[in-house]
Amino acid sequence: MSVIIKDKNIFVLDTKNTHYVIGVDEYGCAHNLHWGEKCPTEDYEIPFSGDEDSNHRSRDVFREEYTVFGGTVYKECAMKAEFSDGCRELDLAFTGYESGENTLCLKFRDKVYPLEVSLLYAVFEGLDIIEKSVRVKNLGENDICFEKLLSAELCLPDTEPYTVLNSNGEWGREYYPVRTKLDGGRLIFESRRGTSGHNNSPNFVAYKNADEKSGEVYFANLAWSGSFVTELYRDVKGVTRALLGMNDFDFEYALKGGESFEAPKVIFGRSVGFGEMSRQLNRFGVKHHLPKDFAEKELPVLYNSWEATEFDVSAKSQSELAKKAAAAGCELFVMDDGWFGQRKDDHAGLGDWYVNEDKFPNGLDELIENVNALGMDFGLWVEPEMVNPDSDLYRTHPEWAYHYPTRKAHEIRNQLVLNMTRADVQEYIFGCIDELLSKHNIAYIKWDMNRSLSETGAENLEYPKMLWYLHTKAVYDIVDRLKEKHPTVQFESCSSGGGRSDWGALAHYDMVWTSDNTDAIDRLKMQKYYALTRPVKTMRAWVTDVNWYNRKTPLDFRFNVSMRGALSLGGNLNNYSDEDIAECRKYVELYKEIRGLVQFGDLYRLLDLERDEVSADLYMSADKTEGVLFVAAVNTSCMKPPQPLHFEGLDDGKIYTFEYDGIRYEKSGAYLRNVGIVIDVKTQYYNRIIKIKIK
């Protein structure tokens, strides 16, 4: 795994199984020469680059590494800029490179203006994952204003059409898949909300004739939590190109003299089958991307108080609830909304991050000490980017919300968005949370954001459209500062559910809240597609009482689904019988035994609920010595015949033992893969959790 340089103008990014090859021609244009299986390095060469005719210029058909706006280039570009004299074209020349064992920087400079553009790459040991981004530097004194500054351009191999997988969801239906065959034209997935949102995802998966185990799969994830765009198009020559980055809708970034700026990273790669893509991304996330303090530590089983009490919290009620959570085996008790300011419902209090004295007359420590005495850590819910007009903060600083003086601000959920581009707002938010963490034994913060940006006026900015970038950057900066000062505190990203569950958030938060929809049946589908392109351990999955449309889903089935991620409890334990609490504890204790496999193991999707009427997920340890199998079905056909279950991820030469439906198996990995076992799934809410070990 390294960077190989041939003749000072061909650069090979050598990953575990692939080569990603870049060649810079005599005119200084960077071509993508190859992305796929490895070839002898000496065979790579730069193709002839002459123009075709007056309508199809050479660079329009190049597999270019990064297209800039200017000259006779008419294909979609990744960068547009305006110089101080009004010139809006870029003309870059290659100036050289810098390389390390696993990094590469290709440098370009405008031929007239003082702008340096660098393409940055990194490869990672044992993976077929590459990071790519762009860095710009203003070498002069006058501002350079970018109206488009995407992170990466990728050209897919071959010229046959690809099918592109993304999501087309909404609140409560996050990660719902949509597949589009891209024969021609443009395919755009985006958010213009100020967050990555619930609808489209800041990524793409492109494939031809692929399934879990076979077929070439090309994928990319943008590490950015704000407005984004993912655009794919197939040109007249059949080349499919993808561009990813911060959305250029209503966007600008002013680069001051002497300053540099690096766009958010794109994490991309190639795999054989969807399953290997998931496993690669899971390993990469844990080893190289998640915040270091907790990346390789097991996440605790938490209980959240929202469903039990909503806004009606008090030291007494929460302490009683905590006893039940401890009895159920939970390790962390998180008090949700309602503990601060004059918060009785969602009309008031946001922005006033001080403890409500009526609800907690003896302060917050009374509750925290009660929780700690039960053997659990304590956590809090906050929504720092928001403010209610009915709050002390807004009455004191109405100018701190995004606004236009001539327009009426629109409230969503009775709240406005704070202008996070202001230094005083940032310091206020940091100060409030820092004080809470400094004064109290708090181990966990759930950071929520329940509405999108609107009235995006920011009178403090010289370039107001920079707010889309600066808002998200401010959130990252505050969380990073808090984590640096309080390294034992875990942070969860939430935005009305999964509205900020992207790889950008995962570089700063330790996990995400997957969705406000905790219905186990819906979650089977959502969690499958979350885990397809994101690390499993970051997926908070609650067992709750929410049975949408009066579906009475059994408690054990809900556990089967939630135990496939970072298990959490969120039901109203006050309504649970002693038998219910005992059942919770049984499954929580089982999860504690297997959570290392779930959170860090290799995931193999053996059966698919939509295709097979049965969901079967196997999590195996990296050394293939043990695993855990989850099998679940909501309803199957009455006459559904028994079906084979073929295992994956085992060592063919080893013997594995497990018990399934009363039958004891001792079989080789080769047998379980090629022959498998037969399972007969007919009962409603079928539920099996099977531990597998090497003999």
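**Figure 1. The charged end of Arg186 is placed over the ring of Tyr233.** In this predicted model, the charged end of Arg186 lies 4.9 Å from the centre of the Tyr233 ring. Arg186 also belongs to a network of salt bridges, in which it is linked with Glu76, Lys148 and Glu231. A search of the whole structure finds 52 salt bridges.

**Figure 2. Arg523 lies over the face of Trp513.** The distance from Arg523 to the ring centre of Trp513 is 5.3 Å.

**Figure 3. A salt bridge joins the side chains of Arg595 and Glu331.** The separation, from N to O, is 2.8 Å. Arg595 is part of helix 13, whereas Glu331 belongs to the loop between helix 5 (315–327) and strand 22 (332–335); the pair therefore ties together parts that are 264 residues apart in sequence. Arg595 has a relative accessibility of 8%, so this residue counts as buried. Glu331, at 21% relative accessibility, counts as partly exposed, because the cut-off for a buried residue is under 20%.

**Figure 4. Arg343 and Asp337 meet through their side chains in a salt bridge.** The N to O distance is 2.9 Å. Arg343 is buried, its relative accessible area being 0%. Asp337 counts as buried as well, at 1% relative accessibility.

**Figure 5. The side chains of Asp617 and Arg564 form a salt bridge.** Here the distance from N to O is 2.9 Å. The pair links distant parts of the chain, 53 residues apart: Asp617 is in strand 32 (residues 615–620), and Arg564 is in the loop between helix 12 (555–562) and strand 30 (566–569). With a relative accessible area of 12%, Asp617 is buried. Arg564 counts as buried at 3% relative accessibility.

**Figure 6. The largest nonpolar core of the model contains 87 residues.** The residues with the most contacts inside this core are Phe333, Met335, Trp339, Phe378, Phe559 and Met563. Helix 13 (residues 578–600) supplies the largest share of the core, nine residues. Phe559 touches Val543, Leu567, Leu569, Cys584, Tyr587 and Val588, when residues up to four places away in sequence are not counted. In soluble globular proteins, nonpolar side chains tend to be buried together.

**Figure 7. Trp339 and Phe340 form an edge-to-face aromatic pair.** A pair of aromatic rings is described by the distance of the centres and the angle of the planes. The count of aromatic pairs in the model comes to 32. For Trp339 and Phe340, the centres are 5.2 Å apart and the angle between the planes is 75 degrees. Both Trp339 and Phe340 are buried.

**Figure 8. Phe647 and Phe658 form a tilted aromatic pair.** The distance is 5.5 Å centre to centre, with 40 degrees between the planes. Phe647 lies in the loop between strand 34 (643–645) and strand 35 (655–660), and Phe658 lies in strand 35; the two residues are eleven residues apart, and the pair links distant parts of the chain. Phe647 and Phe658 are both buried.

**Figure 9. Six residues, Tyr20, Trp35, Tyr121, Tyr162, Tyr218 and Phe268, make up one aromatic cluster.** Among the members of this cluster are Trp35 and Phe268.

How values were computed:
Residues numbered from 1 in each chain as written. Predicted model: local features only at pLDDT ≥ 70, side-chain atom pairs only at ≥ 80, totals over all residues. Heavy atoms only, no water. Core = buried A, V, L, I, M, F, W, Y, C linked by side-chain atoms within 4.5 Å. Buried < 20%, exposed > 50% of the residue type's maximum accessible area, 1.4 Å probe, protein only. Helix = DSSP H or I, 4+ residues; strand = E, 2+ residues; numbered from the N terminus. Contact = heavy atoms within 4.5 Å. Salt bridge = Lys/Arg side-chain N within 4 Å of Asp/Glu carboxyl O. Phe/Tyr/Trp six-rings, centres within 6.5 Å; stacked < 30°, edge-to-face > 60°. Lys NZ or Arg CZ within 6 Å of the ring centre and 35° of its normal.
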